[in-house]
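This report looks at charged side-chain pairs. Have the sequence and the 3D view open as you read.

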Amino acid sequence: MEGLATAAGHEDRHTPLKNYCKGLLLPGERKSIEPMAARLDSENIQPMRQSLHHLVAKAPWSDEVLLEQVRNYVLPTMQKQGPVVAWIVDDTGFPKKGKHSVGVTRQYCGQVGKQENCRVAVSLSVATWSSSLPIGYRLYLPREWAEDAERLEKTEVPEEVKFQTKPDIALDQIRAAVAANLDRGVVLADAAYGSNTEFRGGLTALDLQYVVGVQSSMTVWEPGKQPLPAKPRGKTGRPPRLLQRSTDHQPVSVKQLAMSLPATAFQEITWREGTDRKLRSRFGAVRVRPAHRDDEKAKPHAEEWLLIEWPRGEKEPTKYWLSTLPPTTKPIALIKMAKRRWIIERDYEELKQELGLGHFEGRNWRGFHHHATLCIAAYGFLVAERNRFSPSARAGHLGFVARGPAPDFRPRGSPRTPRAT
């Protein structure tokens, strides 16, 4: 806590920051400011509330500096249990009513699995085989927000923040991790990122390997095939450079390729022990060349792994991944890495359910990010404790004790009324 308080800058922020993190870690159904204030000091709720609110919604401390402090504290404890193996890109949605809170619009929300009024944040996590930690976190600002000067001013969005796609935000986070000289891992992401050619190209330019999901419609060249070389035009003029395709020489979708493979190309593989059973499925892996716009290039894309999951009993494959892991990589290693992305689901589950990641009720940019940064700080503490003492420790089992709020306390605006005794 002392390191975090120092990273927050001015001494006046030290005690409120410690209180805020304590409020996030203490038991309680709601981790918005007023319920936390009531749990922290039931005799002086409003002064405590004002202190916490100023820290998270107004104080100009740097999220990046504080997350760096969290990272410097937590990563060494994680690495005592094993090396960094992956950098995981993901995004998470927060259902939100109204239209005035920063970034809220109708868009796909993973938490509810459909289009919903929500805001979405993009994150980058560093993972070992036993644990993971978010090290970058940024709100996705939809174009309709980025082009609405009035709403940007009301929610205090910094002037330098412009519209970026989610893959662009993720690439910026990855570049920052590379610049910080963190131990490198294989980049993992779902098809929302992996199907983006510029995202994959950006990873390769940074000399990072990846295992990323792709959509079934993505086109590739079948094993052993590639685009035709440039066709000579004659003896005059500049020699042609661009690769060619012909009527009978075309790429195929990864789904078409998977459906054309013989049954012997797939095998049943167990990749890890689950909670109550071994996790098994049927997989196939072949070497292919991505075909996206290669007829606008002078050289074909390099060969990559195409990993296909086709569970027994399903009419067609259910998942596809592209990977730049070496050609000598064994299928089991490829599968374990592809499936490693699941750990981020556990992180978000605890961040939301135990630490109130989605409970911030303010509307401005600074408050949204400050609250998330302090949630990650609290989570980082739990990750460090697990790696230091027991891999089976879980949030809520570490014995935190605090006085509860007064029995008749209700946060302002609460629809509930005190029950009669």
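Which side chain meets Arg143 in a salt bridge? The partner is Glu147, at 3.7 Å from N to O. A salt bridge here is a side-chain nitrogen of Lys or Arg within 4 Å of a carboxyl oxygen of Asp or Glu.

This is a predicted model, where local features need pLDDT of at least 70, side-chain atom pairs count only at pLDDT 80 or more, and totals for chains, interfaces and linings use all residues. Residues are numbered from 1 along each chain as its sequence is written, and side-chain values use heavy atoms, without hydrogens and water.

The structure holds 15 salt bridges.

| Pair | N to O distance |
|---|---|
| Arg143 and Glu147 | 3.7 Å |
| Lys58 and Glu156 | 4.0 Å |
| Arg386 and Glu350 | 2.7 Å |

Lys58 pairs with Glu156. The two sit 98 residues apart: Lys58 in helix 4 (residues 45-58), Glu156 in the loop between helix 7 (149-154) and helix 8 (166-179). Helices are DSSP runs (H or I, at least four residues), numbered from the N terminus.

Arg386 pairs with Glu350. This pair also links distant parts of the chain, with Arg386 in helix 14 (residues 365-388) and Glu350 in helix 13 (residues 343-353), 36 residues apart.

Accessibility comes next. Buried means under 20% relative accessible area, exposed over 50%, partly exposed in between (1.4 Å probe, protein chains only). Arg386 is buried at 8%, and Glu350 is buried at 11%. Lys58 is partly exposed at 41%, as is Glu156 at 39%. Arg143 is partly exposed at 45%, whereas Glu147 is exposed at 59%.
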